[in-house]
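Have the sequence and the coordinates open as you read.

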Amino acid sequence: CCICNPPFHETMDYSSGAAGRKWAGLGKGDKTTKNYAGRPAELCCPGGEVGFVGTMVAESASCRQISLFTALISRSSSLPPLRDAVEQRGGRHETLDLVLGTNRKWVLCWWYPSPSQP
C-alpha cells in the first residue's frame, strides 16, 4: 500500500490566501497565519494537489509491486480530474469522505486490476 499526503497548494501565495479565507470564514478577521507547518516544497507543487497526485497516478500505472495507492485530497474540484486519470490508465478507484466538524477532505484510493480480476 502506498499512502500520500500531497502538497495541496500551487504556490506559497495561494497557501497564504487560503489561510486568510479560512480565518475569515471562521470569523477570525484578517489573520493570514497558517494553521499548519511545512517547508515550501512540502506545501506547494506546480499544479497543486492535482499536479502532484496526477503524476503519482501516472507513475503508479507501471508499479505492479504495490496493490493499492491512496492520497489525501483537500479540494472536491480535484477529484474528477484525478479519477479520470486513473480510469484513463485502466485503473479503478474509490473515494472515502472524511468529515470533522466543518472540515471535509477525501481519500482517493486506486488500484490496477490484474488481467484475471473482473
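Start with helix α3 (residues 48-60) and helix α4 (residues 79-88), which pack at an angle of about 10° with their axes 10 Å apart. That angle makes α3 roughly parallel to α4, since anything under 35 degrees gets that label, while over 145 is roughly antiparallel, 65 to 115 roughly perpendicular and the rest oblique. The axes here are lines fitted to C-alpha atoms, for helices over the stretch in contact, and the angles run from 0 to 180 degrees between N-to-C directions. On the α3 side the contact is made by V50, V53, G54 and V57, and on the α4 side by P81, L82, A85 and V86, where contact means heavy atoms within 4.5 Å. Sorted by class, this contact has seven nonpolar residues, one polar and no charged ones. For that sorting, Ala, Val, Leu, Ile, Met, Phe, Trp, Tyr, Cys and Pro count as nonpolar, Asp, Glu, Lys and Arg as charged, and the others, Gly among them, as polar.

Before going further, a word on what you're looking at. This is a predicted model, in which local features need pLDDT of at least 70 and side-chain atom pairs count only at pLDDT 80 or more, while totals for chains, interfaces and linings use all residues. Residues are numbered from 1 along each chain as its sequence is written, and side-chain values use heavy atoms, with hydrogens and water left out.

Now stay with α3 for a moment. Its 13 residues reach 18 Å from first C-alpha to last, close to the 18 Å expected at 1.5 Å a residue; the expected span is 1.5 Å times one less than the number of residues. Which residues of α3 are buried? They are G48, E49, V53, G54, M56, V57 and S60, with buried meaning under 20% relative accessible area, exposed over 50% and partly exposed in between (1.4 Å probe, protein chains only). A58, also in α3, counts as partly exposed because its relative accessibility is 33%. Its C-alpha is 7.6 Å from that of R89, 31 residues away along the chain.

V57 is worth a click. Leaving aside residues up to four places away in sequence, V57 touches A85, V86, R89, W110 and Y112. V57 also turns up in the largest nonpolar core, a set of 15 residues where V53, V57, I73, W110 and Y112 touch the most other members. Such a core is a set of buried Ala, Val, Leu, Ile, Met, Phe, Trp, Tyr and Cys residues joined through side-chain atoms within 4.5 Å. Two or more residues each come from α3, β2 (69-73), α4 and β4 (103-111), and α4 gives the largest share, four residues.

Over in α4 you'll find D84, partly exposed because its relative accessibility is 39%. In strand β4, look for V107, which is buried at a relative accessible area of 17%. Not counting residues up to four places away in sequence, V107 touches T70, A71, L72, E94, T95, L96 and L98.

Finally, zoom out. The protein has four helices and four strands, in the order β-α-α-α-β-α-β-β along the sequence. These are DSSP runs numbered from the N terminus, helices being H or I of at least four residues and strands E of at least two. Of the 118 residues, 33% count as buried.
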